[in-house]
Amino acid sequence: AYIAMAVISGLGINLTLIFIYSGTTFLARLKIISLIMILLPIAIIDLRDHIIPNRILVGGLVLRLVYYMFELIIEGSKVLNTLKSDVLGALIIVGFFLLCMFVSKNGVGMGDVKLLGLMGLYQGLWGVMVSVFTSLIVSFVISIVLLATRKKGRKDAIAFGPSIFIGTFIGIILNGV
């Protein structure tokens, strides 16, 4: 059921991206669709278990390395600019959220940090910044709703994975591929 849902969702997202951002390459769209398909099970598992599985993150990293190889074949030396932006985005986001993790006790988990680093490799510096910003807004709104309805208290943990999924999806639609 998940695979069928993922394929249908992926096709729908691809058609949407083709319609909205017609100037992007197939590989760029495939890369973003892959990121969304990686984020979907992570969001569900994080919501249910409050953990982000390393096996999905490692699979996403291996897939990104495969995409780098295709980008090298197709784009040649232009891939170095992409690689610079991706690594810079991953390092800045990981550094910022590691700092947040150590400053705020139980605020951000290591799984969230690793996931955001992976997102940096898929989206580059600008894309991951937009995704993180929209994810934080989504998380804020969800937190307010949960507090207002008394489903969660001030000290209760709230899974960040679903907010990352929704925020990244919104960020991709707003920012482009």
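Biologist: Where does Lys-31 lie?

Modeller: Lys-31 sits in helix 2, residues 26–49. A helix here is a DSSP run of H or I with at least four residues, numbered from the N terminus. This is a predicted model, where local features need pLDDT of at least 70, side-chain atom pairs count only at pLDDT 80 or more, and totals for chains, interfaces and linings use all residues. Residues are numbered from 1 along each chain as its sequence is written, and side-chain values use heavy atoms, with hydrogens and water left out.

Biologist: Why is Lys-31 called buried?

Modeller: Buried means under 20% relative accessible area, with a 1.4 Å probe and protein chains only. Lys-31 has 10% relative accessibility, so Lys-31 counts as buried. Of the 177 residues of the protein, 44% are buried.

Biologist: What makes the pairing of Lys-31 with Glu-71 a polar contact?

Modeller: The term needs a pair of N or O atoms within 3.5 Å; within protein, one must be able to donate a hydrogen and the other to accept it, and residues adjacent in sequence count only if both atoms are side-chain atoms. The side chains of Lys-31 and Glu-71 make such a contact at 3.4 Å.

Biologist: Which residues are in contact with Lys-31, leaving aside its neighbours within four places in sequence?

Modeller: Contact means heavy atoms within 4.5 Å. Arg-64, Tyr-67, Glu-71, Thr-82 and Tyr-122 are in contact with Lys-31, those neighbours aside.

Biologist: How many helices and strands are there in the protein?

Modeller: The protein has six helices and zero strands.

How values were computed: Helices (H or I, at least four residues) and strands (E, at least two) are DSSP runs, numbered from the N terminus. Buried means under 20% relative accessible area, exposed over 50%, partly exposed in between (1.4 Å probe, protein chains only).
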